[in-house]
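Me: Can you take me through the aromatic rings in this one? Keep it simple, please.

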Amino acid sequence: MKPSDRRGVQTEPSAKEQESVAHPRRSPASRERASSTRPAAAGPRQQGVRQASSPPQSPAPPAAPAASAPAPYRLPAAWFRGPMGRRERIGMLLAAALAAVLLLLGWGSHLGDEPLRRELEAKMNQHMIGYTVQLGHAHGGPLRLSLTLRDLVIRQQAHPEPPLATIPRLHLTIQWPELLRRHLVGDALFDHPRLHLDVEQLHIERMKRLQLGVRGWQAALESIYPHKLNSMEVNDGSLTYVDEDPASPLEITHWMLSATNIRNLDSPDHVYPSPVNSEGVVFGTGRAAVDGHANFLSDPFPGWHVRYRIWRVPLDRLQQIAARSNWELHSGLLSSHGELEYAPRYKVIDVAAVLLEGVRLDYLHTAATAAAEHRRAAAIAAAARKAESSPVTMRLDRLHLTGGQVGFVNRATDPPYRLYVDRADLEILNMSNRVAGLRGKGAVFRLRGRFMGGGTAAATATFRPGEPTADMGAEIAVEHANLPAFNDFLRAYQKPDVAGGTVSIYSQLTVKNRQLHGYVKTMFDDIKLYDPRKDRGKSWGAKLKERVLGGLAELLENKKSDALATRTELTGTFGAPQANTGQIISSMFRNAFWQAIVPGFDNATRQVPRARPKTAPAPSPG
């Protein structure tokens with residue numbers, strides 16, 4: 001029996017009703033087009049149905065779908081093409097609620113920025129000692145658990161202007177990869193920070209003598225962001241120090257810093273587990289870079305092991321600092337590379353090379369600073385004696401100065417004078433404050449250049465670092481230096497000046513157990529004391545004195561070498577050498593009349609320059 005017969009009434013569905021059941025979503029117009037294009041002939045299945053029903057022309061009803069078949073899943077794009085089911089409506093409501101919560105957290109969090117700024121500013125000022133913090137804006141990101149501070153200004157209470165630090169943006173956030181490993185740590189990003197310190201602020205910092213932890217910096221940061229920092233980055237910062245001349249600050253610009261794994265989460269077994277990288281532009285044109293590792297958790301202070309490199313840093317900016325130690329630094333470029341390790345148990349400064357190009361450096365002596373110079377020299381000597389027991393091991397493999405000028409200026413005399421070596425090529429090898437740290441037999445000092453604008457100068461010395469005046473050997477040679485260049489030096493000590501000639505000096509010195517032994521040999525060639533044009537303004541007595549001395553010098557010249565020479569032994573100590581006046585006079589006469597003093601060192605095989613033989617005049621003809 002057909003399902004319709006159970007209700008007692010037999011009804012056959014019409015063609016339109018069958019079409020609406022088969023295609024429920026078609027419009028009436030489309031259903032009419034479909035019925036007009038339907039083929040007239042029916043299939044075998046349809047023919048069999050007609051034969052079993054009455055009337056035979058009516059179509060059979062469609063088969064009812066199985067009750068157990070689930071409704072097909074529709075993509076979200078098909079939700080709007082028809083009525084949504086219950087699950088689809090619930091999903092839409094949940095998505096809308098989630099979007100509303102996210103918008104509320106994102107935009108609604110800005111409503112609390114000002115109360116948050118006031119609270120954070122008060123907390124930081126509560127922990128800072130001797131400093132004041134001013135915060136321009138603060139924003140907390142609840143979605144990323146972040147905190148962003150803008151226009152953060154830190155001032156020293158004793159000298160509030162200029163500010164010690166200005167940070168346009170400080171961003172603190174959770175380190176999500178470590179959170180998956182059950183470590184709650186954070187990141188810190190400093191955007192364009194500017195750190196400034198002048199000489200008065202530095203004096204206050206020295207007077208306090210407080211460690212960084214005591215000053216409250218760490219406590220102030222933890223009060224506003226309690227999570228431990230595991231990485232820190234500085235983007236395009238600047239460091240500025242202003243000494244006595246505000247127009248010539250010592251500045252590092254475009255400063256970049258990156259430090260990761262600060263909490264030792266990745267490599268706890270390593271001595272220095274935290275990679276550290278930093279670089280910047282030094283004094284406008286130079287560059288510096290640091291690359292290595294650190295241990296930020298070592299006690300009592302963080303440990304560092306880094307390699308550094310400096311490229312062509314201009315040195316003229318350091319003049320204001322060098323002047324306090326009686327040095328005058330006029331120009332030059334510095335390049336260097338080496339390795340630094342500074343930790344609670346191990347402190348090493350290992351400089352592989354230092355290159356100084358075109359440096360002009362003078363040591364200035366004045367009557368006003370004489371007492372301070374004496375105290376400074378005594379302090380340096382005491383520090384050199386204690387260097388062997390210093391906790392810091394310092395080594396310098398090679399220092400090379402090329403194309404430079406090194407001099408000594410004495411302004412305590414009248415007139416002042418300057419002794420200098422230009423076109424200098426200076427090399428210092430194998431320096432260390434500890435004998436055990438030497439990589440060779442001892443330190444070596446070599447100098448080549450031009451003395452007082454003419455002639456040549458050469459010096460070589462080997463000594464024990466830390467206390468060079470105890471054990472040392474040195475050789476000094478100055479050849480054919482221009483004598484008129486020494487006139488200021490001669491006048492300062494009331495000696496007659498010269499009008500022409502050259503001087504050569506040779507000396508060999510040995511210091512053993514602080515006792516000095518050696519000699520010095522001085523040779524004058526073509527010496528001329530009196531010049532009528534130069535000495536026109538002098539008194540008659542001064543002119544007579546110079547003529548007499550000039551004649552005496554010519555008399556004491558060796559007839560073959562045309563040189564006035566002396567030689568004397570040196571004894572005493574390195575700081576207080578003693579010469580033998582009798583040897584000076586006797587050697588002068590011996591050179592003039594008996595045996596010529598040979599130029600050069602005593603142990604050198606050098607021949608005495610012979611005078612050119614005088615040629616006899618040609619006989620006259622006839």
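Reply: Here are some notes on aromatic rings and the charges over them. This is a predicted model, where local features need pLDDT of at least 70, side-chain atom pairs count only at pLDDT 80 or more, and totals for chains, interfaces and linings use all residues. Residues are numbered from 1 along each chain as its sequence is written, and side-chain values use heavy atoms, with hydrogens and water left out.

Me: How many aromatic pairs does the structure hold?

Reply: Twelve. Rings of Phe, Tyr and Trp (its six-membered ring) pair if their centres lie within 6.5 Å; planes under 30 degrees apart are stacked, over 60 edge-to-face, the rest tilted.

Me: Why is the pair of tyrosine 363 and phenylalanine 408 stacked?

Reply: Their planes are at 10 degrees, so the pair counts as stacked, with the centres 6.4 Å apart. Tyrosine 363 is in strand E12 and phenylalanine 408 in strand E13, 45 residues apart. Strands (E, at least two residues) and helices (H or I, at least four) are DSSP runs, numbered from the N terminus.

Me: And which aromatic cluster has Phe408 in it?

Reply: One formed by Trp327, Tyr363, Phe408, Tyr417, Phe489 and Tyr493.

Me: New topic: what is the angle between the planes of phenylalanine 589 and phenylalanine 593?

Reply: 25 degrees, and the pair is stacked at 6.3 Å centre to centre. Both are in helix H13, four residues apart, so about one helical turn separates them.

Me: Last one: which residue lies over the face of tyrosine 519?

Reply: Arginine 567, at 4.5 Å from the ring centre. A charge sits over a ring if NZ of Lys or CZ of Arg is within 6 Å of the ring centre and within 35 degrees of the ring normal.
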